[in-house]
Amino acid sequence: MKFMKIGSKPDSIKTDGNNVRYVENELASDITVNVEGSRFCLHKFPLLSKCACLQKLLSRADKNNTDEVDISGIPGGPTAFETCAKFCYGMTVTLSAYNVVATRCAAEYLGMQETAEKGNLIYKIDVFLNSSLFRSWKDSIIVLQSTKPFLPLSEDLKLVSLCIDAIASKACVDVSHVEWSYTYNKKKLAEENNGADQIRAREVPNDWWVEDLCELEVDYYKRVIINIKTKGILGGEVIGEALKAYCYRRLSAFNKGVMEQEDLMKHKTVIETLVWLLPSEKDSVSCGFLLKLLKAVTMLNSGEMVKEQLVRRIGQQLEEASVAELLIKSHQGSETLYDVDLVKKIVEEFMRRDQNSEIEVQDDNEDGFEVQEIRKFPGILSEASKLMVVKLIDSYLTEIAKDPNLPASKFVDLAEIVSSISRPAHDGLYRAIDMYLKEHAGITKGEKKRMCKLMDCRKLSVEACMHAVQNDRLPLRVVVQVLFFEQVRAAASSGSSTPDLPKGMIRELRSCGTYGSSRSVPTVMEDEWDAVATEEEMRALKSEIAALKLQEESGRKSMDRAAVTAISRVKSLIKSKKIFGKKLQLQSQGGGEKNNEGGGSDSSESLGSVTEEGTKTATPSRNLARRVSVS
């Protein structure tokens with residue numbers, strides 16, 4: 001720390017213990033200065049020659065026949081005035097980063113400018129600040145902190161702005177020129193050096209300055225960061241690291257991982273300021289940190305603008321998030337446990353980036369005329385990012401499905417947002433649907449139908465299929481589809497053709513999952529398909545699956561025979577529901593499938609419907625018999 005000594009005479013100001021201070025010399029005092037309960041018995045000549053304020057006050061006192069003046073409003077109180085008085089007497093005064101602001105403000109109050117006397121106190125302090133303290137990293141921070149009690153005077157004297165600019169300029173210096181001391185996480189350095197004692201010799205990190213700035217109050221910190229960003233030298237990643245460090249230093253709840261509303265209320269300004277200061281560059285701060293901020297502003301019920309800014313930022317890097325980070329508690333009074341609507345907005349923001357963007361382009365044609373046209377460019381999301389997000393949402397749906405108060409509409413609406421992303425497998429979605437059906441046994445048939453429509457049975461793994469065909473929570477329609485498609489896959493895996501079944505039955509199984517079809521199917525048929533299988537029917541299906549397990553080791557021919565047996569059982573099950581017979585009757589009366597197809601088309605993709613392409617690309621598997629629970 002740097003300091004400056006002014007004057008050469010020894011300190012001769014004494015105190016009598018009753019808040020009375022006097023100069024110990026042969027001359028009697030001829031002026032008394034009152035400062036906030038302290039009395040200074042001094043001499044006019046040394047004071048009046050340097051203090052224009054005392055000259056005016058004393059002239060008024062003379063008119064009133066008194067030698068006392070009161071300056072209780074002086075910044076810094078008795079201590080700062082005593083420093084100024086010692087300077088007037090030529091006594092030794094030591095100035096440092098800790099007392100320079102108080103002394104400078106007191107000198108301004110007393111009018112100790114050059115107009116009163118050359119080389120006055122204000123001039124000497126300004127030289128000390130500019131030539132010494134503002135060139136020191138830590139002294140600049142100390143000086144800035146000490147300006148707080150003297151606002152707004154310290155602001156008017158430009159002490160605050162000069163400190164901020166000095167600190168920001170130091171932070172932006174090339175790391176190769178950093179030769180001063182600074183605070184840094186020594187534990188982190190030791191880990192990076194593999195425990196070797198190389199901390200001093202290590203290269204200066206780009207974020208060497210962030211921990212020292214954590215000592216600043218939020219209003220000063222905000223101004224320093226803005227100044228740094230304005231200079232445009234440091235990247236967003238370094239500034240993001242600084243904001244994160246400041247947040248963890250100021251908000252202990254972020255370190256604990258558990259946020260309490262009472263603790264956060266004390267730091268509402270800090271949180272909202274950090275959100276406002278976030279760099280515009282993507283990945284300048286981690287998605288996890290952004291989600292923590294979003295949780296905090298949700299608990300604090302901050303303004304919508306703050307939430308929207310965070311939602312937009314999180315949506316830009318949603319693929320980095322984890323399920324635990326997305327589980328944002330709803331505000332008090334909400335029926336649901338988690339704020340699903342907020343997560344929905346984040347996912348919508350993510351999907352919006354994949355939409356085609358339109359850009360107006362101006363070109364010159366062959367004749368030299370300007371031609372304006374609008375060109376469409378594809379979205380900027382990579383396939384890897386989309387797959388990571390859809391997997392994340394499947395896991396998130398599984399967690400929120402455990403909430404007994406979660407409406408089915410919110411579950412489905414969130415799942416439908418990412419339905420345009422082609423999943424390589426639907427096991428995660430099946431797991432989420434099964435969890436919801438398990439926790440919400442009272443949902444309507446319509447809700448269950450809409451929910452199961454999200455799943456493509458062709459993309460279930462063998463383990464998921466084995467679980468699904470034994471799942472008494474699923475509609476019969478889904479159970480039959482899963483079993484049929486698994487037999488098709490088993491046949492493809494064994495190298496044989498699809499089991500020899502009547503063509504009408506195959507068409508029935510392939511189209512039985514089409515919801516919202518425009519084909520004229522009797523209502524009773526839809527109701528029966530959507531019904532849950534009885535215990536007897538499920539027992540029959542399970543016996544056929546057990547038969548498949550026994551036949552698996554017997555070779556391909558045995559597998560084919562087992563597959564035919566299982567599908568025959570499905571046929572019997574369908575007939576028992578009086579569906580298959582009704583369908584054949586409709587075909588024989590109305591001209592069959594052709595007339596129905598001519599009358600309309602499906603309004604949405606069949607839940608697990610099979611196409612020729614889907615049959616070819618079905619994942620081969622010889623593990624049909626394996627029984628693994630995925631719920």
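Select Asp-413 first. In this predicted model, Asp-413 is partly exposed, at 25% relative accessible area. Asp-413 sits in helix H21, residues 408-417, and Arg-450 in helix H23, residues 445-452. The pair links distant parts of the chain, 37 residues apart.

Next, select Asp-11, Arg-21, Glu-82 and Lys-86 together. Salt bridges that share partners join these four into one network.

Move to Lys-50. Is Lys-50 buried or exposed? Lys-50 is buried, because its relative accessible area of 13% falls under the 20% cut-off. Which residue does Lys-50 meet in a salt bridge? Select Glu-117: the two side chains meet at 3.1 Å, N to O. Lys-50 lies in the loop between helix H1 (44-48) and helix H2 (52-63). Glu-117 lies in the loop between helix H4 (100-110) and helix H5 (121-131). The pair therefore ties together parts that are 67 residues apart in sequence. Glu-117 itself is partly exposed, at 27% relative accessibility.

Now pick Arg-104 and Asp-126. They form a salt bridge, and their closest N and O atoms are 3.1 Å apart. Arg-104 belongs to helix H4 and Asp-126 to helix H5, 22 residues apart. Arg-104 is buried, with a relative accessible area of 8%. Asp-126 counts as partly exposed, at 26%.

Side chains of opposite charge can pair when their charged atoms come close.

Key:
Residues numbered from 1 in each chain as written. Predicted model: local features only at pLDDT ≥ 70, side-chain atom pairs only at ≥ 80, totals over all residues. Heavy atoms only, no water. Helix = DSSP H or I, 4+ residues; strand = E, 2+ residues; numbered from the N terminus. Buried < 20%, exposed > 50% of the residue type's maximum accessible area, 1.4 Å probe, protein only.
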